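The report below is written for a reader who wants each geometric term tied to its cut-off. Please look over the sequence and the model before reading on.

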Amino acid sequence: MNIILLGPPGAGKGTQARRLVEERAMVQLSTGDMLREARTSGTEMGRIVAEVMDAGNLVTDEIVIGLIREKLTEGGAAGGYIFDGFPRTLAQADALGNLLSELGETLDAVIEMRVDDDALVERITARSTCADCGEVYNDITKPIPADGTCSKCGGTDFSRRADDNEDSLRTRLMAYYKQTSPLIGYYHAKGDLKSVDGLGEIDEVADRIAGCLDG
Ligand code: AMP
């Protein structure tokens with residue numbers, strides 16, 4: 001099963017994708033994670049990517065489609081792929097459709113995670129990530145354990161993303177509404193769209209997503 005998690009920054013796409021990886025042996029393809037890796041490469045491309053990301057703008061379609069093409073042609077996802085943060089533009093959505101059909105694969109569901117803007121700002125400004133395993137914490141709803149170690153991997157190094165500040169977030173939200181939200185209509189018209197309420201406990205949201213996938 002190949003699915004897309006669609007939603008604004010802070011909707012919980014990454015958190016839910018990690019759950020699906022654990023529970024269904026799916027493979028998470030997060031273009032945000034791939035780009036964060038690319039920015040540390042020391043190349044000119046990495047420097048440009050870092051600048052664009054920190055400002056909260058979208059990286060070019062060419063770059064992200066290239067990253068996804070590379071991963072898909074490597075193969076090896078028996079349980080299917082979860083596209084997290086991709087596609088973000090109509091051109092990326094078309095490219096993904098073409099890539100999947102070239103590989104003889106299908107897109108089985110697009111899950112839109114709905115969260116209102118106030119909650120997004122609250123979530124993002126309180127977010128931190130384990131530097132070792134990528135587990136996501138929130139100062140209010142899911143604080144780092146009192147002994148300072150990650151509950152998943154025991155790591156002790158936590159970081160906040162450079163773009164998780166109010167200025168970048170405003171730009172990221174605008175990019176979402178201008179460039180990504182048209183995908184809701186696009187996938188609705190194709191008959192692939194399912195929407196879930198992204199507010200609530202992580203388990204509750206996971207149950208709603210499971211209901212879409214198994215229902
Ligand atoms: P994310 O981790 O999904 O929130 O992505 C972080 C940042 O990476 C975004 O704000 C963009 O600058 C960039 N990015 C991630 N995925 C894409 C994409 N599919 N298209 C363009 N830019 C992306």
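The text that follows covers strands, a pocket, selected residues and the backbone.

This is a predicted model, in which local features need pLDDT of at least 70 and side-chain atom pairs count only at pLDDT 80 or more, while totals for chains, interfaces and linings use all residues. Residues are numbered from 1 along each chain as its sequence is written, and side-chain values use heavy atoms, with hydrogens and water left out.

**Strands**

Helices (H or I, at least four residues) and strands (E, at least two) are DSSP runs numbered from the N terminus, and two strands pair if DSSP finds at least two bridges between them. Strand β1 (residues 3-6) is parallel to two strands, listed here with their bridge counts.

| Pair | Bridges | Bridge partners |
|---|---|---|
| β1 and β3 (residues 81-84) | three | Leu5 and Asp84 |
| β1 and β4 (residues 109-114) | four | Leu6 and Glu112 |

In a regular strand the side chains alternate between the two faces of the sheet. In β1, Ile3 and Leu5 point one way and Ile4 and Leu6 the other, and all are buried, where buried means under 20% relative accessible area, exposed means over 50%, and partly exposed lies in between (1.4 Å probe, protein chains only).

An open sheet of three strands has the order β6-β5-β7, with antiparallel pairing. Because β6 (136-138) and β7 (158-159) stand at its edges with a single partner strand each, one side of each is left without a neighbour in the sheet. Two bridges join β5 (residues 127-130) to β7, and Cys130 has Phe158 as its bridge partner in β7.

**The second largest pocket**

A pocket is an open set of points on a 1 Å grid over the protein atoms alone, where a 1.4 Å probe fits and protein lies on both sides within 12 Å along at least five of seven lines; lining residues have an atom within 4 Å of a point. The second largest pocket holds about 270 Å³ of space, its volume being the space filled by probe spheres set on the points, which are joined across faces, edges and corners. Of its 14 lining residues, Gln28, Leu29, Met34, Glu37 and Lys71 lie nearest the centre, and β2 (27-30), α2 (31-38) and α4 (61-74) each supply at least two residues of the lining. By class, the lining has six nonpolar residues (Ala, Val, Leu, Ile, Met, Phe, Trp, Tyr, Cys and Pro), five charged (Asp, Glu, Lys and Arg) and three polar (the others, Gly among them).

**Two residues and their surroundings**

Asp164, in the loop between β7 and α7 (166-180), is buried at a relative accessible area of 11%. Its side chain is joined to that of Arg172 by a polar contact of 3.1 Å, that is, a pair of N or O atoms within 3.5 Å, one able to donate a hydrogen and the other to accept it, with residues adjacent in sequence counted only if both atoms are side-chain atoms. Not counting residues up to four places away in sequence, Asp164 touches Ile124, Arg127 and Arg172, contact meaning heavy atoms within 4.5 Å.

Met1, in the segment before β1, is partly exposed at 40% relative accessibility. Leaving aside neighbours within four places in sequence, Met1 is in contact with Met26, Gly79, Gly80, Tyr81, Asp108 and Leu213.

**Backbone**

Most residues other than glycine have a negative phi, and most peptide bonds are trans. Ala25, in the loop between α1 (13-24) and β2, has a positive phi near 55 degrees, and its relative accessibility of 55% counts as exposed. The peptide bond from Phe86 to Pro87 is cis, with omega near -5 degrees, and Pro87 is found in the loop between β3 and α5 (90-102).
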